[in-house]
Structure formats: structure tokens, C-alpha cells
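Here's a quick briefing to read with the model open beside you.

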Amino acid sequence: IVISTNFLLFAGHETTAHLISVGMYYLMQNPDQMAQLQADPSKIPQAVEELLRYVSPVHTLGRRTRQEVNIRGVTIPEGTSLYLLVGSANRDADKFADPEKLDINRPPVRSLGFGYGIHYCLGAALARVESQIAFETLLKRLPNIHMTIETPEFRPNYSLRGLKSLPVAFDQVSS
């Protein structure tokens with residue numbers, strides 16, 4: 001139980017923080033989407049799902065084949081180390097219409113933002129709630145939030161996609 005609790009605390013914190021910060025970056029880059037959420041906060045749960053697909057805080061996952069696998073005519077031997085590109089899979093045009101577009105009104109389609117099967121994220125429910133609360137609070141209390149730089153710097157990490165910082169300003173705070 002201690003290992004699972006520590007994993008949930010530390011793995012869940014960084015990825016959720018990246019989802020919120022990078023999600024806010026892309027919402028500010030798409031003011032029409034942000035305005036829709038401010039006008040109708042009931043869309044926030046659906047927006048979080050779209051941001052999980054679009055942002056993909058976890059970009060790669062390492063796996064090892066337990067048996068020989070054949071995928072589209074390519075044989076992958078047992079014991080082969082693989083790196084799965086979650087960020088790429090979440091932009092698959094065969095699965096998502098117009099995948100390069102952030103669309104908070106996209107019909108719900110399951111992304112790989114929280115993994116899949118036995119590798120499904122232990123903290124998915126908590127991350128969803130935390131993200132929903134964060135987006136709702138930020139968009140309500142800081143209605144005029146905007147970036148103070150054109151393009152923020154991303155952390156140089158191949159597996160986790162996150163910002164070094166997100167400099168913002170706002171005109172007034174609403175209660």
C-alpha cells in the first residue's frame with residue numbers, strides 16, 4: 001500500500017500539474033475554446049478529456065513484449081523493449097477527426113491519456129477531478145487571464161510534456 005500511495009502522490013502530481021499548465025497554455029492559444037468554457041462551465045469535464053488527448057502529459061511509455069507479437073506484418077520478438085508514443089496515438093487521424101485541432105466539443109472518444117488495460121492510471125479519477133476544479137477556478141476567478149510571452153519554454157523531457165513556466169497576467173480577480 002505504501003508503494004502505491006507514494007506512486008499516486010508523486011506520479012500523479014507532476015502529470016496533473018502538466019495537464020493543467022499546458023492545458024491553460026492551449027486554451028489561451030485558442031480563445032474561442034476558452035470563452036466557451038467561461039460561458040458554460042458544464043463543458044469543463046468534456047474539455048478535460050479533450051485536453052488529455054490534445055496535451056498528453058505522458059508522451060511515451062516503455063513496455064516489453066511477453067511473447068512474440070505480429071503487428072501489420074512485422075514480427076516483434078518476445079522480450080523486445082518498446083516505446084509507445086502516446087502523444088502520437090492521441091493525434092491518430094484514423095481515430096480522431098481533425099486531430100491537430102483542440103475541440104472541447106469533440107464527441108467523447110477514449111484517448112490514451114491515462115493509459116489502457118492493466119496499465120490504466122491508478123490516479124485517473126483524482127486527476128480528472130483536480131483538473132476540472134483547477135480549470136473551473138482559473139477560468140472563473142481570472143476571466144481575463146492571458147500570457148505575457150508569446151511562446152513558453154517546454155521542459156526538455158522526452159516522456160513527460162510540461163512547461164518550465166507559464167507567465168500570465170490578469171486584469172481583475174473575480175470571487
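Leaving aside its neighbours within four places in sequence, which residues is Leu160 in contact with? The list is Glu14, Thr15, His18, Pro57 and Val58. Keep in mind that this is a predicted model.

**Overall picture**
- The protein chain has 5 helices and 6 strands.
- Read from the N terminus, those elements go α-α-α-β-β-β-β-α-α-β-β.
- Of the 175 residues in the protein chain, 31% are buried.
- The chain exposes about 10800 Å², and carbon and sulfur atoms supply 56% of that area.
- Take the contacts with a separation of 6 or more: 64% of them are between residues 24 or more positions apart.

**Around Leu160**
- You'll find Leu160 in the loop between strand S5 (146-147) and strand S6 (168-169).
- Is Leu160 buried or exposed? Its relative accessible area is 18%, and buried means under 20%, so Leu160 counts as buried.
- Ser56 sits 104 residues away from Leu160 along the chain, yet their C-alpha atoms are separated by 8.3 Å.

**Salt bridges**
- Side chains of opposite charge can pair when their charged atoms come close.
- How many salt bridges does a search of the whole structure find? It finds 5.
- One of them joins Arg128 and Glu49, with the closest N and O atoms 2.4 Å apart. Arg128 belongs to helix H5 (residues 124-141) and Glu49 to helix H3 (residues 44-55), so this pair ties together parts that are 79 residues apart in sequence.
- Both partners are partly exposed: Arg128 has 23% relative accessibility, and Glu49 has 30%.
- Another salt bridge brings together the side chains of Glu50 and Arg106, at 2.9 Å from N to O. Glu50 is in helix H3, while Arg106 is in the loop between helix H4 (86-89) and H5, so the pair ties together parts that are 56 residues apart in sequence.
- This time both partners are buried, with Glu50 at 4% relative accessibility and Arg106 at 9%.
- Glu50 and Arg106 also belong to a network of salt bridges that includes Arg53.
- Lys164 forms a salt bridge with Glu153, where the closest N and O atoms are 3.0 Å apart. These two are 11 residues apart, and each is in the loop between S5 and S6.
- Lys164 itself is partly exposed, with a relative accessible area of 46%.

**The largest pocket**
- Rolling a probe the size of a water molecule over the atoms shows where empty space is left.
- The largest pocket has a volume of about 790 Å³.
- It is lined by 22 residues, and the closest to its centre are Ile71, Leu84, Leu85, Ala89 and Leu112.
- Which elements give two or more residues to that lining? They are strand S1 (60-64), strand S2 (69-71), strand S4 (81-85) and H4.
- S4 supplies the largest share of the lining, with 4 residues.
- Sorted by class, the lining of the largest pocket holds 12 nonpolar, 4 polar and 6 charged residues.

Methods. Residues are numbered from 1 along each chain as its sequence is written. This is a predicted model: local features need pLDDT of at least 70, side-chain atom pairs count only at pLDDT 80 or more; totals for chains, interfaces and linings use all residues. Side-chain values use heavy atoms; hydrogens and water are left out. Buried means under 20% relative accessible area, exposed over 50%, partly exposed in between (1.4 Å probe, protein chains only). Contact means heavy atoms within 4.5 Å. A salt bridge is a side-chain nitrogen of Lys or Arg within 4 Å of a carboxyl oxygen of Asp or Glu. On a 1 Å grid over the protein atoms alone, a cavity is a set of points where a 1.4 Å probe fits but cannot get out, and a pocket is an open set with protein on both sides within 12 Å along at least five of seven lines; lining residues have an atom within 4 Å of a point. Grid points are joined across faces, edges and corners, and a volume is the space filled by probe spheres set on the points. Ala, Val, Leu, Ile, Met, Phe, Trp, Tyr, Cys and Pro count as nonpolar, Asp, Glu, Lys and Arg as charged, and the others, Gly among them, as polar. Accessible areas come from the Shrake-Rupley method with a 1.4 Å probe; for residues, only the protein chains shown count as cover.
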